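Please read the following points with the sequence and the model side by side, and take them in order.

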Amino acid sequence: MRQALLRLMTTVVTLFGVALVVFVVIRLAPGDPIAMMLPPGADAEDMARLRAAYGLDRSVPEQFLIWLGGVVRGDFGTSISLRQDVGALVLDRLPATLELALLALAIAVAIGTTLAVIGTLRRQRPAESAVDLWNGMTLSIPDFLWGLIFILLFGVVVPLFPVSGRISPALDPDYATGFLLVESLLRLDLRVTGDLLHHMALPALALALPLSAVIAQVLKQSLKEVMHLDYVTLARAKGYSEIAVLFREALRNAVLPTLTLVGVQFTFLIGGTVIVEKLFSYGGLGNLAIDAVINRDLPLIQGIVLLFAVLFIATNLIVDLAYAALNPRLRHG
């Protein structure tokens, strides 16, 4: 009970700190969002009226307290550029970003685990050197550059995949939630599922490749250490093949450090969707965030950053719980 209360207090303090820092920093940045909204011939009275409407005529501490009070009540304000409720805008775009990030994570884990296993089974052989070379090359290229490469190769040179949008305009599924991929799978609407995956393939792969290299490096190193432990030696003495030893004995223990890494990297993966979504005109939260920054849409920027903070905290909590469930020393402690 004490740990839960301490965790809750830490979460509240963290969110308050994030909200305060973001609120102050974006108001110190140059540019006037109200001036960007008005036509060239607008006078000072029009500007003053808009400032009052959005509460920008008050001091920064007053603005912060008013906004914070609204957040506590679930009111994140109104977008300056889109004239819509910030909470509704953010929650409408969030499912698209989460589906893209989770698909990228699944691809990264699959590629990274495969490379780590190959590098471990073929250690001190050319295959291990090839895995290390691939990891180094993949890690040195950022996700947005992978996105540009994929657009050029598979959108222009060999046009195999669409390079913009989340779903084809001809398909307009009337689903209950914004999680189109999940809901299409539950409904067995394979036409929509295939179209969504077709659009998500390139941005998801662009996000997944750098992360897969990190996973492969950490998991391979962890497997190397585990493969020399006594219980693994005992399994070999019992006649288990090297593959059986790796999958039955070593992998489940070596995966724990990688699990923590995946949790931390997933939060960065969500942040990485910002540029990649813009490249592929993907209708997610990242695309909305860049538009908000360009338009200096202060309420929308605040709402998006606060949501990212909540996702970061929630992901860390899930990782901690999963680590405790998989680690026998913590589970039985």
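Predicted model: local features only at pLDDT ≥ 70, side-chain atom pairs only at ≥ 80, totals over all residues.

1. The pocket has a volume of about 360 Å³ and is lined by 20 residues, with Y54, G55, I66, W67 and G77 lying nearest its centre. Two or more lining residues come from each of α1 (2–28), α4 (60–72) and α13 (298–326), and the largest share, four residues, is given by α4.

2. The second largest pocket holds about 270 Å³ of space, and of the 16 residues that line this pocket, V71, F76, L306, L307 and V310 are the closest to its centre. Here α1, α4, α5 (86–121) and α13 are the elements that give two or more residues to the lining, which divides into 13 nonpolar, three polar and no charged residues.

3. Turning to the rings, the structure holds seven aromatic pairs. In one of them, F23 and W67, the ring centres are 5.7 Å apart and the planes stand at 35°, so the pair counts as tilted. This pair links distant parts of the chain, as F23 belongs to helix α1 and W67 to helix α4, 44 residues apart.

4. The rings of F64 and W67 also form a tilted pair, with centres 6.3 Å apart and planes at 40°. Because F64 and W67 are three residues apart in helix α4, about one helical turn separates them. F64 is buried, with a relative accessible area of 7%, and W67 is buried at 10%. Together, F16, F23, F64 and W67 form one aromatic cluster.

Definitions and conventions. Residues numbered from 1 in each chain as written. Heavy atoms only, no water. 1 Å grid on protein atoms, 1.4 Å probe; cavity = no way out; pocket = protein on both sides within 12 Å on 5 of 7 lines; lining within 4 Å. Points joined across faces, edges and corners; volume = space filled by probe spheres on them. Nonpolar A, V, L, I, M, F, W, Y, C, P; charged D, E, K, R; others polar. Phe/Tyr/Trp six-rings, centres within 6.5 Å; stacked < 30°, edge-to-face > 60°. Buried < 20%, exposed > 50% of the residue type's maximum accessible area, 1.4 Å probe, protein only.
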